[in-house]
Amino acid sequence: MPRMGGCPVCEGRPEVGILCSRCASGLPPCEGLLPEHVSSSVDRAAAGGWLIDGFGAAHAVRDSATVIGRNADADVVILNGSVSREHAELQRQSGGWIVRDLGSRNGTHVGGVRIHGRAALADGSQVRFGDVAFLFLGHHAALPAAPPRPVETHRAPILGSFRVTLRGPTIDICLVSLRDDAVNENAGGALLYRPRDAATWSEKSLPPLEFQLLRTLCLRALEESGSPSVSKGCVPTRELAKLLPFQSKYANEENVRQVVRRIRTTLEEVGADGLVEALRGRGYYLTWPVATA
């Protein structure tokens with residue numbers, strides 16, 4: 001049994017979540033997969049086994065049938081297009097663990113080999129559902145529930161003391177960073193808003209991805225303020241995928257679109273509909289004038 005606090009596979013020093021770098025190296029997250037895209041509803045205290053993803057996070061499975069799939073009501077949910085709604089099932093039987101493919105489109109692989117029907121699943125095996133790979137532990141163990149630390153993406157820090165205003169048709173907005181730490185790329189910020197020329201502001205807190213999206217668009221708008229283009233300040237979607245503080249270097253354009261949808265919902269709630277617009281095939285830009293506060 002691995003020592004407490006060590007890699008649960010080989011007892012090495014944890015470097016990627018609960019895994020050592022060697023064990024994690026065989027589980028590169030597929031394109032577009034983020035840590036929050038994998039979750040388990042199985043009680044960790046009653047776990048009969050574990051699926052450990054490429055971010056080093058452990059997801060509990062029960063001894064009885066555990067369904068893995070993209071459906072929100074699956075026992076282990078994997079939000080990735082390569083995974084079928086009901087993809088596979090794990091279960092401990094008298095002879096050991098088995099995995100059964102449930103007719104998935106992209107298949108279930110054990111040790112790199114696609115299975116047909118069911119197959120034995122040994123402790124320490126690599127199992128892949130569609131494009132998403134896991135290490136399987138088939139024994140009772142108390143694994144930490146703490147989320148893994150963010151995956152290093154080598155992106156340049158994009159924070160710092162920041163404050164800009166945006167003037168819309170009926171309201172003003174002020175975007176403010178909540179800290180001056182220029183090396184913490186996971187910090188969020190505040191969205192202040194008020195009716196045009198009112199004396200007091202209301203405030204909403206923005207999580208890191210939404211705040212950094214708006215901040216990046218504001219900075220680009222300021223840089224290109226002299227341009228006559230209606231869409232001045234447009235930032236390409238691929239560039240946003242690299243700049244925003246996703247927890248994975250495999251973030252893609254669909255991940256950016258998800259962030260845009262969330263910030264648009266927040267902006268609609270405060271009366272700033274239409275502030276973030278898309279330029280088809282290119283990226284996103286702000287429709288209101290931006291000024292340093």
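A word on conventions to begin with. Residues are numbered from 1 along each chain as its sequence is written, and side-chain values use heavy atoms, with hydrogens and water left out. Since the model is predicted, local features need pLDDT of at least 70 and side-chain atom pairs count only at pLDDT 80 or more, while totals for chains, interfaces and linings use all residues.

Let me start with confidence. The pLDDT, which is the predictor's confidence in each residue from 0 to 100, has a mean of 85 for the protein, and 89% of the residues reach 70 or more. Helices (H or I, at least four residues) and strands (E, at least two) are DSSP runs, numbered from the N terminus. Strand S8, residues 108–110, has the highest confidence at 98, and S16 the lowest, at a mean of 83. Please be careful with residues 147–160, where the pLDDT is below 50; this stretch has 44 contacts in the model beyond near neighbours in sequence, a contact being heavy atoms within 4.5 Å. Residues 179–184 are also below 50, with 13 such contacts.

Now, on to the charges. Side chains of opposite charge can pair when their charged atoms come close. I call it a salt bridge when a side-chain nitrogen of Lys or Arg is within 4 Å of a carboxyl oxygen of Asp or Glu, and that rule gives 14 of them.

Take aspartate 172 and arginine 196, whose closest N and O atoms are 3.3 Å apart. This pair links distant parts of the chain, 24 residues apart: aspartate 172 sits in strand S14 (171–177), and arginine 196 in the loop between strand S15 (189–195) and strand S16 (202–206). For accessibility, buried means under 20% relative accessible area, exposed over 50%, and partly exposed in between, with a 1.4 Å probe and protein chains only. Aspartate 172 is buried at 3%, whereas arginine 196 is partly exposed at 34%.

Which residues does arginine 220 pair with? One partner is glutamate 223, with 3.5 Å between the closest N and O atoms. Both lie in helix H2 (residues 208–223), three residues apart, about one turn of the helix. Arginine 220 is buried at 16%, but glutamate 223 is exposed at 62%. The other partner is glutamate 239, at 2.5 Å from N to O. That pair again links distant parts of the chain, since glutamate 239 is in helix H3 (237–243), 19 residues from arginine 220. Glutamate 239 is partly exposed, at 27%. Elsewhere, shared partners join Arg167, Asp172, Arg194 and Arg196 into one salt-bridge network.

Helix H2 comes up again in the packing. How do H2 and helix H4 (residues 253–269) pack? Their axes are 9 Å apart, at an angle of about 90°. H2 and H4 are therefore roughly perpendicular to each other. From H2, Leu209, Glu210, Leu213 and Leu214 meet Val259, Val260, Arg262 and Ile263 of H4. By class, that makes six nonpolar, no polar and two charged residues.

One last backbone detail. Most residues other than glycine have a negative phi. Glutamate 11 is not a glycine, yet its phi is positive, about 75°. You will find glutamate 11 in the segment before helix H1 (21–25), and it is partly exposed at 33%.

Thanks, everyone!

Definitions and conventions: Axes fitted to C-alpha atoms, helices over the stretch in contact; angles between N-to-C directions. Parallel < 35°, antiparallel > 145°, perpendicular 65-115°, else oblique. Nonpolar A, V, L, I, M, F, W, Y, C, P; charged D, E, K, R; others polar.
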